[in-house]
Amino acid sequence: MSLHTHQPARYSSLLAAAVVLLVSALAASAADEVNVSKGGTLAGGPLALRGFDAVAYFTVGAPRLGSADLSTLHEGAVYRFSSSENQKAFEADPERYLPAYGGFCAYGISAGAKFDGDPEVFSIVDGRLFLNLSPKVQKKWQKDVGGHVTKADTNWKRIESVAIAKLK
């Protein structure tokens, strides 16, 4: 009898947890505002920056893989860090470290499209982290960074909340 009385509570707790995870995942990916991996993480959301440490770009000038043990959920996406200091810095001021355009390819955004941003193909310009799809695309980006940033900033306002599938 004791087992029977606890099962409904256990099942309802599991169901509630599953619903929370599903809603979190759908909220993060519904409009494709942040470039994240598909699926969830133990921290409760899909993985941003393919697990690279957003702060390391600014502190060491290079991408560093973060640890699942040092994770922070921010606006439906999970960010990982290579040190507790970097995690604390991000949590204190996430806007300072977030990649521009949700981590999508900056050159693609300047053209009005959302392409994967490769965390290992990056640049920091005027204190902003920009990712590009590939080294070849990054060369195109670098030919007119200022012009591309202006176009991308304008386009991002229009397409940030538009699902990738709806962009043509």
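Colleague: Leaving aside neighbours within four places in sequence, which residues is F90 in contact with?
Modeller: Keep in mind that we're looking at a predicted model. Skip the residues within four places of F90 in sequence, and the ones in contact with F90 are A54, V55, T72, H74, Y79, F81, Y97 and L98.

Colleague: Which element gives the largest share of the largest nonpolar core?
Modeller: That core has 16 residues, and L49, A77, Y79 and F90 have the most contacts inside it. Two elements give two or more residues to it, strand 4 (128-132) and strand 2 (77-81). The largest share is 3 residues, and these come from strand 2.

Colleague: How many residues are in the other core, the one that lies apart?
Modeller: Look for I109, W141, W156 and L167, which are among its members.

Colleague: Is Q87 buried or exposed?
Modeller: First find Q87 in helix 3, which runs over residues 84-92. Not counting residues up to four places away in sequence, Q87 touches L70, S71, T72 and F81. Buried means under 20% relative accessible area. Q87 has 13% relative accessibility, so Q87 counts as buried.

Colleague: How many residues apart are R50 and D116?
Modeller: Their side chains meet in a salt bridge, 2.3 Å from N to O. R50 sits in the loop between helix 1 (2-29) and helix 2 (56-59), while D116 is in the loop between helix 5 (106-110) and strand 3 (118-125). That makes it a link between distant parts of the chain, with a separation in residues of 66.

Colleague: R50 also meets D118 in a salt bridge; is D118 buried or partly exposed?
Modeller: The N to O distance for R50 and D118 is 3.6 Å. R50 is in the loop between helix 1 and helix 2 and D118 is in strand 3, so this pair ties together parts 68 residues apart in sequence. R50 is partly exposed at 42%. D118 has 16% relative accessibility, so D118 counts as buried.

Colleague: Which residue forms a salt bridge with R128?
Modeller: The closest N and O atoms of this pair are 3.0 Å apart. R128 is in strand 4 and the partner is in helix 7 (residues 145-159), 25 residues away.

Colleague: Which residues do salt bridges that share partners join into one network?
Modeller: The count of salt bridges comes to 3. R50 meets D116 in one of them, and R50 meets D118 in another. The residues joined into one network are R50, D116 and D118.

Notes: Residues are numbered from 1 along each chain as its sequence is written. This is a predicted model: local features need pLDDT of at least 70, side-chain atom pairs count only at pLDDT 80 or more; totals for chains, interfaces and linings use all residues. Side-chain values use heavy atoms; hydrogens and water are left out. A nonpolar core is a set of buried Ala, Val, Leu, Ile, Met, Phe, Trp, Tyr and Cys residues joined through side-chain atoms within 4.5 Å. Buried means under 20% relative accessible area, exposed over 50%, partly exposed in between (1.4 Å probe, protein chains only). Helices (H or I, at least four residues) and strands (E, at least two) are DSSP runs, numbered from the N terminus. Contact means heavy atoms within 4.5 Å. A salt bridge is a side-chain nitrogen of Lys or Arg within 4 Å of a carboxyl oxygen of Asp or Glu.
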